Amino acid sequence: MHGVKTEELIMKDTTIKKLFTSTEEGREYLATIVCKILDLPPENFTFEMIHPEIGVNENVVNSEVDIALESNEIVVNVEINSQKRHSYERKNVFYVCQLLLRQIKSSDDYKKKLKKIYQINLNSFNISGDDRFVVVSKMLDVETKQELHPIFEIFDVNLAKIFDKDYTIIKEDKESLMNLLYILVCNKEADLWDMYSGDDFMAKIVEVTKSITDDFDRKLYYDKEALDKADYEEGMADAKLDVAKAMLEENCNIEFIAKMTKLSCEDVEKLKEELK
């Protein structure tokens, strides 16, 4: 399309999560994406965000999801996967199980209708090996292909496929999912303004994204003076860990992270292991 490698353009996980959760416009954008993928009427879809720590058993590790939403009828978990790892794939499946189990508080709950779980994976890679943009997985009868246990569905969205599609076709098809998600895979502001020309809502999302990205870059790489000063303020320990986590997700060097956050290399290594 523009001759740029996909992995260089995918918006970072932390930035996408902040976009989806930090502003009213971002939350509306997230709801629009969910409705488009699940084919739900947006005017009838209202939700509340669930705390990302969804674990129901203290012995289960890595129970923190990216973004979980709940309505009166369904639960939706949105995961942003910028790297293809077997551990990530397993965790995404486990999240579905935990979101089901958290609805069971007593034996009486088994008699009630559970909310269906929808897992949406926004991937920067292809999981199917074919040309599908969205791959849907569910429990089917092997012979009849009927869905006998409609308790969950998993939607894998292959963001990399956007780069196989002609730019002008995506731009013209304002109602398409590719058009809606284009902002997540483009790092050229001029292309974004061109893509969403005449779309007031998406223009606002571009502005929000630009603000978040600028703020993220300043916090992560350039605001060392403010970081040093904050050493003396209450809660600096948590702030250091937040920055270190963000830098680890950006695959920054351990020694560089330690230098910028003033954490020890051992602490950064330990944090890295916890994030696996």
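Trainee: Why is Phe 155 called buried?

Mentor: In this predicted model, Phe 155 has a relative accessible area of 7%. Buried means under 20%, so Phe 155 is buried at 7%.

Trainee: How do you know that Tyr 118 counts as buried?

Mentor: The value for Tyr 118 is 15% relative accessibility. The limit is under 20%, and therefore Tyr 118 counts as buried.

Trainee: What makes the rings of Tyr 118 and Phe 155 a tilted pair?

Mentor: A search of the whole structure gives 3 aromatic pairs. In the pair of Tyr 118 and Phe 155, the ring centres are 6.2 Å apart and the planes stand at 45°. Centres within 6.5 Å make a pair, while planes under 30 degrees apart would be stacked and over 60 edge-to-face.

Trainee: Why is the pair of Tyr 167 and Tyr 182 called edge-to-face?

Mentor: Their ring centres lie 5.9 Å apart, with the planes at 65°. Over 60 degrees counts as edge-to-face, so that is the class of this pair. Tyr 167 sits in helix α5 (residues 167-172) and Tyr 182 in the loop between α6 (177-181) and α7 (189-195), so the pair ties together parts 15 residues apart in sequence. Both Tyr 167 and Tyr 182 are buried.

Trainee: Is Lys 116 buried or exposed, and how do you know?

Mentor: Its relative accessible area is 14%; with the limit at under 20%, Lys 116 is therefore buried. Lys 116 is found in strand β4 (residues 116-123).

Trainee: What makes the meeting of Lys 116 and Glu 153 a polar contact?

Mentor: The distance between the two side chains is 2.7 Å, and the criterion asks for N or O atoms within 3.5 Å, one able to donate a hydrogen and the other to accept it. Beyond four places in sequence, Lys 116 is in contact with several other residues, including Glu 73, Glu 147 and Phe 152.

Trainee: What makes β1 and β5 edge strands?

Mentor: The open sheet has 6 strands in the order β1-β2-β3-β4-β6-β5, with mixed pairing. Each of β1 and β5 (134-137) pairs on one side only. The twist from one strand to the next averages 20°.

Trainee: How do you know that β2 and β3 pair?

Mentor: At least two bridges are needed, and 4 bridges join β2 (residues 67-70) to β3 (residues 74-81), so the two strands pair; they run antiparallel. Ala 68, for one, has Asn 77 in β3 as its bridge partner.

Trainee: Why is Asp 39 called exposed?

Mentor: Asp 39 stands at 68% relative accessibility. Exposed means over 50%, so Asp 39 counts as exposed. Asp 39 lies in the loop between α3 and β1 (48-50), just after α3.

Trainee: Why is Lys 262 called partly exposed?

Mentor: Its relative accessible area is 48%. Buried is under 20% and exposed over 50%, so Lys 262 falls in between and is partly exposed. Lys 262 lies in the loop between α11 (254-261) and α12 (265-275).

Terms used
Residues numbered from 1 in each chain as written. Predicted model: local features only at pLDDT ≥ 70, side-chain atom pairs only at ≥ 80, totals over all residues. Heavy atoms only, no water. Buried < 20%, exposed > 50% of the residue type's maximum accessible area, 1.4 Å probe, protein only. Contact = heavy atoms within 4.5 Å. Phe/Tyr/Trp six-rings, centres within 6.5 Å; stacked < 30°, edge-to-face > 60°. Axes fitted to C-alpha atoms, helices over the stretch in contact; angles between N-to-C directions.
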